[in-house]
Amino acid sequence: MDWVDLVWPMLAAARFVLGLVPAVVWVSHPRDRTQLGVAVAALSVGAIALFELASLHADTPASMAAIIRGWHVPIALLVCAIVYGVHIMFGHGSVALAVAAVGLRLLALVLNFATGVNLNFESVDAIGQVSWFGTDVSYPIGRLNPWSITAQLSNVLLVAYLMHTLHRVPRGSPEWPSALVVCGGWLVLGRAK
């Protein structure tokens, strides 16, 4: 077993555990809708980690294309959960930006299944291999799908929504530290990805 096969499942498991706690809280207190957003976001990130792991070991172009296609479902859930959770927690961000970010991500999800082999590629023609610190991992080689711009625009609108929310929460208010951690955390995580 190499380090990739050890680290990615551990990351996914940690995210699933972090998602189960707010899910249990939400089930027992359904009016606490913030917990629903946090649970869906954490579970989505865990699913994304598993899709990443599968893509790193894909051995045929068809399997790589299918993995990338499936990957977009938890990504869409993640974007919806972030917007929903931030809006429920703070309610200061632009509703138009929120709707546009979610709408474009949902359009990207539809295009993911309707164009090319997935949203990122019109076709995956080959699988390349690269070594990550001694472990060989796969990457797709193919023609890019021009519709992938919809996902990128959704990402830009999501960042704008988070920044707008952070800007609109009054400094010094009791919710400012929470807004800084939540919005700032998602902004940092988005850049790390």
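Helices, meaning DSSP runs of H or I with at least four residues, and strands, meaning DSSP runs of E with at least two, are numbered here from the N terminus. On that basis the protein chain of this predicted model has a secondary structure of six helices and two strands. Read from the N terminus, these elements follow the order α-α-α-α-β-β-α-α. The radius of gyration is 18 Å, close to the 16 Å that the globule rule gives for 193 residues, so the protein chain is as compact as a globular protein of that length.

**Overall dimensions and packing**

- The C-alpha trace of the protein chain spans about 55 × 35 × 30 Å along its principal axes.
- Of the 193 residues in the protein chain, 39% are buried.
- When contacts between residues at least 6 apart in sequence are considered, 68% of them join residues at least 24 apart.

**Surface and charge**

- The protein chain has an accessible surface of about 10,300 Å², and carbon and sulfur atoms account for 72% of that surface.
- There are 10 positive and 9 negative side chains in the protein chain, and the centres of these two sets lie 16 Å apart.

- Thr150 is placed in helix H5, which covers residues 149–168.
- Because buried means under 20% relative accessible area, Thr150 counts as buried at 6% relative accessibility.
- Once its neighbours within four places in sequence are left aside, Thr150 is in contact with Leu104, Leu107, Ala108, Leu111 and Leu119.

Technical notes:
Residues are numbered from 1 along each chain as its sequence is written. This is a predicted model: local features need pLDDT of at least 70, side-chain atom pairs count only at pLDDT 80 or more; totals for chains, interfaces and linings use all residues. Side-chain values use heavy atoms; hydrogens and water are left out. The radius of gyration is taken over C-alpha atoms; the globule rule is 2.2 Å times the number of residues to the power 0.38. Buried means under 20% relative accessible area, exposed over 50%, partly exposed in between (1.4 Å probe, protein chains only). Contact means heavy atoms within 4.5 Å. Accessible areas come from the Shrake-Rupley method with a 1.4 Å probe; for residues, only the protein chains shown count as cover. Lys and Arg count as positive and Asp and Glu as negative; His and the chain ends are not counted. The place of a charge is taken as NZ of Lys, CZ of Arg, CG of Asp or CD of Glu.
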